[in-house]
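Have the sequence and the 3D view open as you read.

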Amino acid sequence: AWVAYDAAGNNWGKDFPRDSTTFREKYAEPLHARRRVELRAVVDGRVMKPTEALPQTISRQPLGRVNHSLASDNKRFYEIPQLARDGDGRLWLFFRVNRQGYAGHPKMGANWEIFATTFNDGSWIEPILLPMSTGRQDQRVSTAVDSHGRLQAAWSTGHHLIDQTQQVRFGRLPNVSG
């Protein structure tokens, strides 16, 4: 069984002052300060971690303070992973990315985009951006395998801070050999 989940620094999402990462003398990261996706496999009752890291650009160092600015060095975070298998049994990982990072309330709101990756020939492929997937914070992907064994995906798009109609998009993941 495969499990994908959100992860962050110690005590993430706990009560904390606005830009501090310390609460009651303990390290506590604000929500979305350094969010990433983790993946595990449960095999014969043992939890195993893949040896190849997922393709994410994140800071692994604890943050001293959260910079509420688009100029912050810690600009992106990854979350809400979803797993799916194609017709060949290949595991695909979908996740959403915010490339603006933790910036308080950015002008025109935060942009979330959906990406997909899979493991091939000893490494994760470069994440594929699902076209026109910029949307709301709570969007998800639905998948199905077609009669040819190809993985199909459907997702919504739309922006909650501008007048943009929410739409449903549909596409096929590329064939991957190896």
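Which residues make up the largest nonpolar core? There are twelve in all: Ala-84, Trp-92, Phe-94, Ile-114, Ala-116, Leu-130, Val-141, Leu-151, Ala-153, Trp-155, Leu-173 and Val-176. A nonpolar core here is a set of buried Ala, Val, Leu, Ile, Met, Phe, Trp, Tyr and Cys residues joined through side-chain atoms within 4.5 Å. Buried means under 20% relative accessible area, exposed over 50%, and partly exposed in between, using a 1.4 Å probe and protein chains only.

Before going on, a word on the source: this is a predicted model, where local features need pLDDT of at least 70 and side-chain atom pairs count only at pLDDT 80 or more, while totals for chains, interfaces and linings use all residues. Residues are numbered from 1 along each chain as its sequence is written, and side-chain values use heavy atoms, with hydrogens and water left out.

Strand 7 (91-98), strand 8 (112-120) and strand 12 (151-157) are the elements that give it two or more residues, and strand 12 gives the most, with three. (Strands are DSSP runs of E, at least two residues long, numbered from the N terminus.) A second, separate core has nine residues, including Val-37, Leu-39, Phe-95 and Trp-124.

Now for strand 4 (residues 36-43). Six of its eight residues are buried, so strand 4 is largely enclosed by the rest of the structure. Its two partners are tabulated below; strands pair if DSSP finds at least two bridges between them.

| Partner of strand 4 | Sense | Bridges | Residues standing opposite |
|---|---|---|---|
| Strand 1 (residues 2-7) | antiparallel | six | Asp-6 and Val-37 |
| Strand 5 (residues 46-48) | antiparallel | three | Val-43 and Arg-46 |

Strands 4 and 5 form a hairpin with two residues between them, and Asp-44 in that turn has a positive phi of about 50°.

What about a loop residue? Asn-10 sits in the loop between strand 1 and strand 2 (22-23). Asn-10 is exposed, with a relative accessible area of 55%. Leaving out residues up to four places away in sequence, Asn-10 touches Tyr-27, Ala-28 and Glu-29, where contact means heavy atoms within 4.5 Å. Thr-21 is eleven residues from Asn-10 in sequence, and their C-alpha atoms are 9.8 Å apart.

Technical notes: Helix = DSSP H or I, 4+ residues; strand = E, 2+ residues; numbered from the N terminus.
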